[in-house]
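User: Could you walk me through how to read some features of a helical model? I would like the general idea and then the case at hand.

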Amino acid sequence: MGKGEEFIKQVETILNNRIGKVMAGSVLNNNLAKLNKDLANLTKEDGKVLVENIVKAVSLFGTADESKQIKADLEKLLTMLD
């Protein structure tokens with residue numbers, strides 16, 4: 001499994017724990033479709049864009065504290081894409 005694929009698995013795990021499996025799947029799949037990149041070739045910049053878009057999506061239905069916590073958790077994962 002490549003860095004990008006492992007990164008996405010970790011993002012999915014965090015989102016599942018924070019917002020639930022159904023919402024996490026929807027938010028993640030929608031934002032991956034927008035990114036339109038092969039998971040194996042994700043760069044750190046792609047990861048930053050993905051994290052930012054996910055946080056924006058979560059902020060539409062979550063609290064400000066939830067959004068901040070998700071952003072902090074996801075930004076920690078960006079080191080995986082170095």
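User: Let's start with Asp73: is Asp73 buried or exposed?

Analyst: Keep in mind that this is a predicted model. A residue counts as buried when its relative accessible area is under 20%. Asp73 has a relative accessible area of 13%, so Asp73 is buried. You will find Asp73 in helix H4.

User: Which residues does Asp73 touch, not counting residues up to four places away in sequence?

Analyst: With those sequence neighbours set aside, Asp73 touches Ile14 and Arg18.

User: How do I describe the way two helices pack?

Analyst: Two packed helices are described by the angle between their axes and by the distance between those axes. Take H1 and H4: their axes cross at roughly 160° and come within 10 Å. Angles over 145 degrees count as roughly antiparallel, and H1 and H4 are therefore roughly antiparallel to each other. The crossing in which H1 passes H4 is right-handed. On the H1 side, the contact is made by Phe7, Gln10, Val11, Ile14, Leu15, Arg18 and Ile19. H4 contributes Gln69, Ile70, Asp73, Leu74 and Leu77.

User: And at what angle do H1 and H2 pack?

Analyst: The angle is about 140°, and the axes of H1 and H2 are 7 Å apart. That makes H1 and H2 oblique to each other. H1 passes H2 in a right-handed crossing. In this contact, Ile8, Val11, Glu12, Leu15, Asn16 and Ile19 of H1 meet Lys21, Met23, Ala24, Val27, Leu28 and Leu32 of H2.

User: Let's look at H2 by itself. How many residues does H2 have, and how far does H2 reach?

Analyst: H2 covers residues 21–35, which is 15 residues. From its first C-alpha to its last, H2 reaches 21 Å, close to the 21 Å expected at 1.5 Å a residue.

User: Which residues of H2 are buried?

Analyst: The buried residues of H2 are Ala24, Val27, Leu28, Asn31, Leu32 and Leu35. They cover an arc of only 125° around the axis, which means that they lie on the same side of H2. These buried residues pack against helix H1 (3–19) and helix H3 (44–59).

User: What does the face of H2 turned away from its buried side carry?

Analyst: That face carries the exposed residues Val22, Asn29, Ala33 and Lys34.

User: What follows H2?

Analyst: Asn36 comes after H2, in the loop between H2 and H3. As a general idea, most residues other than glycine have a negative phi. Phi of Asn36 is near 55°, a positive value in a residue other than glycine. As for accessibility, over 50% counts as exposed. Asn36 has a relative accessible area of 66%, so Asn36 is exposed.

User: Now to Leu81. Where is the place of Leu81, and is Leu81 buried or exposed?

Analyst: Leu81 is in the segment after helix H4 (64–77). Its relative accessibility is 8%, so Leu81 counts as buried.

User: How many residues apart in sequence are Leu81 and Gly4?

Analyst: Leu81 and Gly4 are 77 residues apart in sequence, while their C-alpha atoms are 6.6 Å apart in space. If you leave out residues up to four places away in sequence, Leu81 touches Lys3, Gly4, Phe7, Leu42, Thr43, Lys44 and Gly47.

How values were computed. Residues numbered from 1 in each chain as written. Predicted model: local features only at pLDDT ≥ 70, side-chain atom pairs only at ≥ 80, totals over all residues. Heavy atoms only, no water. Helix = DSSP H or I, 4+ residues; strand = E, 2+ residues; numbered from the N terminus. Expected span 1.5 Å × (residues − 1). Buried < 20%, exposed > 50% of the residue type's maximum accessible area, 1.4 Å probe, protein only. Arc of directions from axis to C-beta. Contact = heavy atoms within 4.5 Å. Axes fitted to C-alpha atoms, helices over the stretch in contact; angles between N-to-C directions. Parallel < 35°, antiparallel > 145°, perpendicular 65-115°, else oblique. Left-handed = near helix turned anticlockwise from the far one by under 90°.
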